[in-house]
Amino acid sequence: MSRQDSVIVVGGGFGGLSSACYLADAGLDVTLLEKNEQLGGRASRLEADGFRFDMGPSWYLMPDVFERFFGQFDREPTEYYELERLDPHYRIFFKDGDRVDVTGDREEMYDLFETYEPGAGEALESYLDTSETHYEVAMEKFVYEDRPRLRDWVDLDVMRAAPVGFQLLGTMDDYVAGYFDHSKLQQIMQYTLVFLGGAPQNTPALYNMMSHVDFNLGVHYPEGGLGAVVDACVELGEELGVEYFVDAEVEEIIRRRGGFAVESATGVFEADYVVSDADYAHTEQELLPEHERQYDAEYWESRTYAPSAFLVYLGVEGDVEPLEHHTLVLPTDWEPHFEQIFETPEWPENPAYYLCVPSKTDDTVAPEGHSNLFALVPVAPGLADTREARRWYRDLLLDDIAANTGVELHDRIVFEEVFSVSEFADRYNSTDGTALGLAHTLRQTAIFRPPHRSKRCPGLYFTGSYTTPGIGVPMCLISGEHAAGALLEDI
Ligand SMILES: Cc1cc2nc3c(=O)[nH]c(=O)nc-3n(C[C@H](O)[C@H](O)[C@H](O)COP(=O)(O)OP(=O)(O)OC[C@H]3O[C@@H](n4cnc5c(N)ncnc54)[C@H](O)[C@@H]3O)c2cc1C
């Protein structure tokens, strides 16, 4: 490889930022082109009237992955941002008036579970120990190690893991029911699936390892929010020589002899290789000529997309006790909500939702005497979010918050912005406005996700949440490593 090798990264989400770092570190000239006015992708920031919102991710999970990422460049996350472990990790309001705090104290959690069901404390201990083992095996053998081809799965490690693996191909709801009968305990163990864009009925049991992430590894807050992690990745890239362009939407990727011409809103860029972090379907269907697409429209139509979201960012006067930094509000029967996302798309009238109040931890995100919060309801991708629907749903949500947490917001809102299906589609070129990409159903896990290396367009690679390992900030950092690895292997 010579210093002249050059690459254009399309899209500045975590997958793109990560790929750019690995490729620059390997000596390539890296140019990153981002459509929007800021880097970070779904982890964009909204600043207005003294409030600063992380618009997308707000849970800093799997700190081990961030340590490994920065470690690979001889850095540590603390050189860029400090972490605070949250206690409790989060609070749940069940809509029957019950309230639960999930903390990192396992004894406390065993006692809590025991109050719901005799033997549940012991069952939790066994569940979490198993979940830790699954996490360690999965991360080492199948997440950090990319296995893009069927033949990559035929080795000793896989054979050893196979008996457990087959057992984990069932669904999460069956797996969790094997440990706990009480529906609330089942919900506590299953809510993490929302991070993967799935439902207990369509997500394989192997994702029980998310409970190790949740209970054992803990929930942290990076000082300055998730935006500070974007800044850290950008700064690292700058140190390694990455050049960034914002407001540079790519319109066409043209392959020609010896490389690519990439037409963008700020001009034409040339490079030997392209890595796309933009949504896979958008890149294939809208940026490439038909003969260089690996999948047809039918393929993309037949995928199971992760939910979109109805988000309301709110700046409010006063505090919002008793909400915690992370709060979940759950109906005791949440199946109708999942059905309204995956089966019969409609606005959930009795929603399960998430409230994020970073001003509980960080006094720089709201003016003094104010709270910063957002509410997030997962909704079906492609749902029509007309002005009337948004207005109606916003009121329904504020009423629901008041009824189930006691926090009245209506009369003290000083800043408000709604972000939903249409904004996801417009701002991120996301298919059907999905917030997260392809759900982690069994048919869309591991080799069944679209590959990092294009099979039809040599020199083009993909990173980000549509690829392996999948959805979430830590996973996208790893996907950047895999995409860069595939490219470097081919040089
Ligand atoms: C509301 C919400 C909450 C979430 N919560 C969490 C959480 O708490 N914890 C967690 O770990 N994860 C969370 N996630 C998931 C996580 O944010 C994503 O999985 C991850 O950030 C996606 O990264 P990505 O690499 O796929 O790129 P994306 O973030 O999807 O970025 C892709 C980029 O490509 C750009 N682009 C698109 N088309 C073009 C084009 N033609 N030219 C140039 N650029 C283009 C887009 O503008 C975008 O900036 C959340 C996501 C959302 C939306």
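Me: How many residues has the largest nonpolar core, and which have the most contacts inside it?

Reply: A nonpolar core is a set of buried Ala, Val, Leu, Ile, Met, Phe, Trp, Tyr and Cys residues joined through C-beta atoms within 7 Å. A residue is buried if 20 or more other C-beta atoms lie within 10 Å of its own, exposed if 12 or fewer, and partly exposed in between, with C-beta atoms placed from the backbone. Here the largest nonpolar core has 154 residues, and Val7, Val274 and Phe374 have the most contacts inside it. Helix 4 (residues 120-143) gives the largest share, 10 residues. Domain 1 (6-82 + 223-303 + 442-490) and domain 2 (105-217) both give residues to this core, so it lies between them. Domain bounds come from an automatic or database domain assignment.

This is a predicted model: local features need pLDDT of at least 70, side-chain atom pairs count only at pLDDT 80 or more, and totals for chains, interfaces and linings use all residues. Residues are numbered from 1 along each chain as its sequence is written.

Me: Which residues does Val7 touch?

Reply: Two residues are in contact if their C-beta atoms, placed from the backbone, lie within 7 Å. Leaving out residues up to four places away in sequence, Val7 touches Leu23, Leu28, Val30, Ala271, Asp272, Tyr273, Val274 and Val275.

Me: What span does helix 9 reach, and what covers its buried residues?

Reply: Helices (H or I, at least four residues) and strands (E, at least two) are DSSP runs, numbered from the N terminus. The expected span of a helix is 1.5 Å times one less than its number of residues. Helix 9 (residues 226-240) has 15 residues and reaches 21 Å from first C-alpha to last, close to the expected 21 Å. Its buried residues include Leu226, Val230 and Leu236. Among the elements covering them are helix 1 (14-25), strand 3 (45-48) and strand 8 (220-222). Just after helix 9, Gly241 takes a positive phi of about 105°.

Me: Which residues are closest to the ligand?

Reply: A residue is near a molecule if its C-beta atom, placed from the backbone, lies within 6 Å of it. The ligand is surrounded by 37 residues, the closest being Gly11, Gly13, Gly15, Gly41 and Gly464. Helix 1 and helix 15 (473-490) are the elements that give two or more residues to this shell.

Me: How far apart are the C-alpha centres of the two domains?

Reply: The centres of domain 1 and domain 2 lie 28 Å apart. Their contact takes 19 residues from domain 1 and 14 residues from domain 2. On the side of domain 1 that touches domain 2, helix 15 gives the largest share, three residues.
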